[in-house]
Amino acid sequence: MCGIVGYVGKNNAVLKLIKGLKNLEYRGYDSAGIAIYNKNIEVVKEKGRISHLEEEIPANLVGNVGIAHTRWATHGVPSKINAHPHLDNHKRFAVVHNGIIENYLEIKNFLEQKGYNFISDTDTEVIPVLLDYYYELHHDVLIAFQKMLKKIKGSYAILVLAFDLPNTILVAKNHSPMVIGLGYDGIYVASDIPAILEYTKDFYFLDDEESAVITDKIVFYNKDFEKIKKTSKKIDWEMDETSKNGYEDYMLKEIHEQPSALIQTLNGIICKDKPISFVNFKIDKKYLESLRQIYIVACGTAMHAGLVGKYAMENLVRIPVSVVVASEFRYQNPIIDNNTLCLFISQSGETADTIAAVKLAKKMGARTIAITNVFESSITREADDTIYTHAGFEIAVASTKAYISQVGIVVALALYMAETLNGLKYEALKTELMDLPKFMSDVISNENVYHKLALKMKDEEHLFYIGRGNDYNIALEGSLKLKEISYIHSEAYPAGELKHGPIALIDKGTYVVGIITDDKIALKTLSNLEEVKSRGANIILVTNQKLKEENVFIIPKISSILSPILAIIPLQLLAYFIAKEKGLDVDKPRNLAKSVTVE
Ligand code: G6P
């Protein structure tokens, strides 16, 4: 989704900003732009890749202050005109913005009546024009900035360059992330830490409705525009994590990092012969006894990890768990009270719908726990407690290692609740969980097998994934991976549901991927596969059973509660190799964004 970078310092801002934007490329975007202050405000923007923008930047464009943006279209098609930065009619203000200004039409009408013109279809353009309107009235940039912030409604992370305020960037944030970093050669500001991590490890995190004026120092303001003091926090991430480390793509690298991601995730939580414990987080027996239900709320892959959590919790803890997509949860008037526990899973910790869902659940009296991969992300400031997944940076848009870590955490949480509630020790399951990384490495090392099959499948138009129980949860995630990166239409179905509709689509040669990892229901799914086979389908099996099929990926046998951690790997690699064979950009699939900060 949209990315923001800004720089005020001693060096040429152009190079800093372009580098920062490139560090954010993984988030997904369709146009990019830059504004530099050097006597005048100069703007260059282009549709398409950052490399395209670079070609258009004149060699003589230099300056020590600038702002830049990668846009992922919401209001208005991807185009040069709709790309950020946006200017006002007098070119006094240049603005980059993430989020959505909900009352932009009302503001636009008001300004049009005052004689202002708009050239783009974006909601963002009202910001510089409104700034100009207030500047005409008050002749003071800071007053204009604060008046503008009072008027706009919605979500925003905004950077402003003002003609009348040299060497300055104005910053504001509401429901969209924004961090400010203190570098050795200047002050950096960005929508995401990785954009500027190579320049600084010292970060200030803006809270909602806070703003700041950055020159050679930073002045922070609260929502009433009173000056406030904030303390910076050290981030101990390494920039190495953001390199491809010899792999062709981030996605392949991240698939290979899954065993170590799981080790990091469970480090300190699960130890042999000791009860499970989480740092800074406890649930006591009395509370668990009082619980009537658990909600797990998330989007995309994180929601699929939630489904695996439901399977583990309902089996081990015997408390009903509902898994709900965050964008539905927030509008469906959920049944929540003090006896409800709500878990929110989000790799980025910035997904707008998931954050809104946390706020709602909290307001309705639930205890809220965020499970996220990103330190100090917005969700951590909303939920009562946070559990970090520690998967390391995940850059490919299609989530792999973050999913594995999320599953690791929800299963560990289920075991923790079960131990606390039942007073039992689940040593066998815990040992299996700790042994998983080495099994995962074995499954990953079979890469060539998945590649060979991908060669045969790359021209397919439709695919089906089926399974029962936890195998269905794996089918959902496997199917999502395939459509995200290969653009092949695929659907996941509970195996038993196939004959209630989708079987009508099975034709000679249609590929159906079956997942069978649970002894209790293995034969049931197998007979569903026979049904499609007899209608001409090609079968692919991911299983831990001794089954004879042409295309079988055998994975080690473990408890059905943990099987997703192994069974998803062949499906990730199959999707990866199919997309590669189609010549697609696996790390940056079309239309998708790594973190979805708008509704
Ligand atoms: C986007 C990403 C997915 C991700 C989902 C939820 O759709 O492309 O990979 O699963 O958002 O993101 P979150 O950061 O909340 O886990």
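Before I start, let me say that when I speak of two residues being in contact, I mean that they have heavy atoms within 4.5 Å of each other. Please also keep in mind throughout that what we are looking at is a predicted model.

The domain assignment divides the chain into domain 1, covering residues 3-240, domain 2, covering 243-441, and domain 3, covering 446-589. I will begin with domain 1 and domain 2, whose C-alpha centres are 34 Å apart.

How many residues of each domain take part in the contact between them? On the side of domain 1 there are 18 residues, and these are in contact with 13 residues of domain 2. The two domains bury about 1,200 Å² between them, and carbon and sulfur atoms give 58% of that area.

If we then look at the side of domain 1 that touches domain 2, its residues divide into 10 nonpolar, 1 polar and 7 charged.

Let me now move to the ligand, which has 14 residues around it, and of these S346, Q347, S348, T351 and A593 come nearest. Which atoms of the protein lie beside its oxygen atoms? For T351 it is a polar side-chain atom, 2.4 Å from an oxygen atom of the ligand, whereas for V397 a polar backbone atom is 3.1 Å from a ligand oxygen, and for A593 a polar backbone atom is 2.9 Å from one. On its own the ligand has 390 Å² of accessible area, and the protein covers 91% of this.

Methods:
Residues numbered from 1 in each chain as written. Predicted model: local features only at pLDDT ≥ 70, side-chain atom pairs only at ≥ 80, totals over all residues. Heavy atoms only, no water. Domains from an automatic or database assignment. Buried area = accessible area lost by both parts, 1.4 Å probe. Nonpolar A, V, L, I, M, F, W, Y, C, P; charged D, E, K, R; others polar. Near = heavy atom within 4 Å. Polar contact = N/O pair within 3.5 Å; in protein donor to acceptor, adjacent residues only side chain to side chain. Areas by Shrake-Rupley, 256 points an atom, 1.4 Å probe, with all protein chains shown as cover.
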